[in-house]
Amino acid sequence: MTTFEADDFTLERTAPLTWKLEQEAGMNVPARVYASETLLEEIADDLSLEQLRNVTHLPGIYEPAIAMPDAHQGYGFPVGGVAAIDAEDGVISPGSIGYDINCGVRMLRTDLTPEDLNGKEEELVDALFDAIPSGLGAGGVVEGTTSTIEAVLDRGMKWALDQGYAVEADLDHCEDNGFREEADPRVVSSEAKDRGRKQLGSLGSGNHFLEVQRVEDIYDESVASAFGLSEDQVVVLIHCGSRGLGHQVCTDYLRKIEQEHADLLESLPDRELAAAPAGSPLAEDYYGAMNAAINFAWVNRQLITYQTRRVFADVFDRDWQDLGMELLYDVAHNIGKKETHEIDGVKRDVYVHRKGATRAFPPGHPEVPEAYRAVGQPVIIPGSMGSGSYVLRGGEKSLEKSFGSTAHGAGRLMSRTQAKQEFWGEDVQDELEAEEQIYVRAQSGATIAEEAPGVYKDVDEVVRVSQELGIGDPVVRTFPILNIKG
């Protein structure tokens, strides 16, 4: 197959696993999809291709607009999408970053093996479920004052360190050291701050989870060693974001953009791509608020880490340091960042919009933590609760092909509504425990149904595409032992 036809779309295969949507009337640049034929057919089943084409209409966008192999329909901008937009002559688009700002994932190492968990699985999953707030609405590890939230928004993980919820190594092993200095709490609404005040240190609902896993396969021994990973090691994966605070920030600025930049909005094919011109007061305010929400999300995951360490220490009757519960890495999925990239031989400052995509910087990049710089940035790609997840390292061709990005997960195959029609949560929970010895706890059976293994694309295929493109190289594969969800 050299071309792919879907509705009114024709994509040409220009290289292995690379599909081009040619520039047409209204498009500022062509678009590109990185996928196998199987994944491309799944991507074409929803509005992802239409949304990708719409993204190319954003002013100042550089070639190409990209859909990753896990792409699926999102709000305006496809989940699994990447766009680099000029930071002076372009725009910044809240809908192209997402409502759950800095939805991301982190992995904790341990010195435990699955044998150490034998007979303790149910005790551990129940203790984690009790200690870590989850589900819709209020509840967090810390319920502070507005001034507390403002400090979190302003200082990120530095606040967590000062308050005793983190150690220095946690900051060293977090994207941007868990702190965005461009954050401006003053431009975050009181409504957003109030929502955050009640939810600081909580998983939320939907696809957010905490999962205890075992390292099942090693693909690169030297990089795995640099990451501190070994076969049969127990690790913990935490996936969540900025909760109601981030959602409110996005909502607030979408409304403001609709009012203040209606002319720009009218020129776009989808109102959900609402954008503010770079350098405008509204763009600067949104960037400050978004970075504050990014800081909030990092602290949110750190507080969950703090509770997780306490639970493990209690269940295994050892200090968490003695259990080796160190942070491997924390990486964002929904984020817009000003970065410098070489484009057509010229270094340019751009807003890289990554929505459901992971930064994947290669070996030697100065923004990779010093501990990993020689081997490349850790990239964490969760699968479903019935399949494996992966740790990759940033690929040598990621800067050239994808603005230093790769996929962020398996990617959904079906909507949450369809999932609840196809699956019964209690049945999924029982089958996972009986057939795979995976222990799952959630606030409702509906949540389990929405996140059933059959709801997601094949994460192995997503990772294979990433590897063959050279944008992310597999290091280890993990498999679930227990999982808590909202």
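Strand β9 (residues 209–218) and strand β20 are paired in the antiparallel sense over nine bridges, where pairing requires at least two DSSP bridges between two strands. Helices (H or I, at least four residues) and strands (E, at least two) are DSSP runs, numbered from the N terminus. The analysis concerns a predicted model, in which local features need pLDDT of at least 70 and side-chain atom pairs count only at pLDDT 80 or more, while totals for chains, interfaces and linings use all residues. Residues are numbered from 1 along each chain as its sequence is written, and side-chain values use heavy atoms, with hydrogens and water left out.

Strand β19 (residues 439–442), by contrast, runs parallel to β20 and is joined to it by four bridges; here Y439 is placed opposite L482 of β20. Strand β20 (residues 472–485) is largely enclosed by the rest of the structure, because 14 of its 14 residues are buried. Buried denotes under 20% relative accessible area, exposed over 50%, and partly exposed the range in between (1.4 Å probe, protein chains only).

An open sheet is formed by eight strands in the order β1-β2-β3-β4-β5-β6-β14-β13, with mixed pairing. Its edge strands, each pairing on one side only, are β1 (3–6) and β13 (334–343). On average, neighbouring strands of this sheet are turned by 25° against each other, direction ignored. Strand β13 runs antiparallel to β14 (residues 346–355), to which 10 bridges join it, and E342 has K347 of β14 as its bridge partner. Helix α2 packs on the sheet, where it touches β2, β3, β4, β5 and β6, and its direction makes about 160° with that of β5. Axes are lines fitted to C-alpha atoms, for helices over the stretch in contact, and angles run from 0 to 180 degrees between N-to-C directions.

Helix α2 (residues 48–55) is mostly covered, seven of its eight residues being buried. These buried residues are S48, L49, Q51, L52, R53, N54 and V55. Their cover includes α1 (37–43) as well as β2 (9–15), β3 (18–21), β4 (31–34), β5 (65–72) and β6 (79–86).

Helix α12 lies across β13 and β14 and runs at about 115° to β13. The axes of α12 (residues 281–316) and α5 (residues 146–155) come within 6 Å and cross at roughly 105°. The two helices α5 and α12 are therefore roughly perpendicular to each other, a class that spans 65 to 115 degrees, with angles under 35 counted as roughly parallel, over 145 as roughly antiparallel and the rest as oblique. At this crossing, I149, V152, L153, D154 and R155 of α5 meet A292, A293, N295, F296 and V299 of α12.

A search of the whole structure finds zero disulfides, a disulfide being a pair of cysteine sulfur atoms within 2.5 Å. The sulfur of C174 is too far for a bond from the closest cysteine sulfur, that of C240, at 12 Å. The sulfur of C240 lies 7.5 Å from its closest cysteine sulfur, in C103, which is likewise too far for a bond. C174 is buried, with a relative accessible area of 2%, and C240 is buried at 0%.

Notes: Contact = heavy atoms within 4.5 Å.
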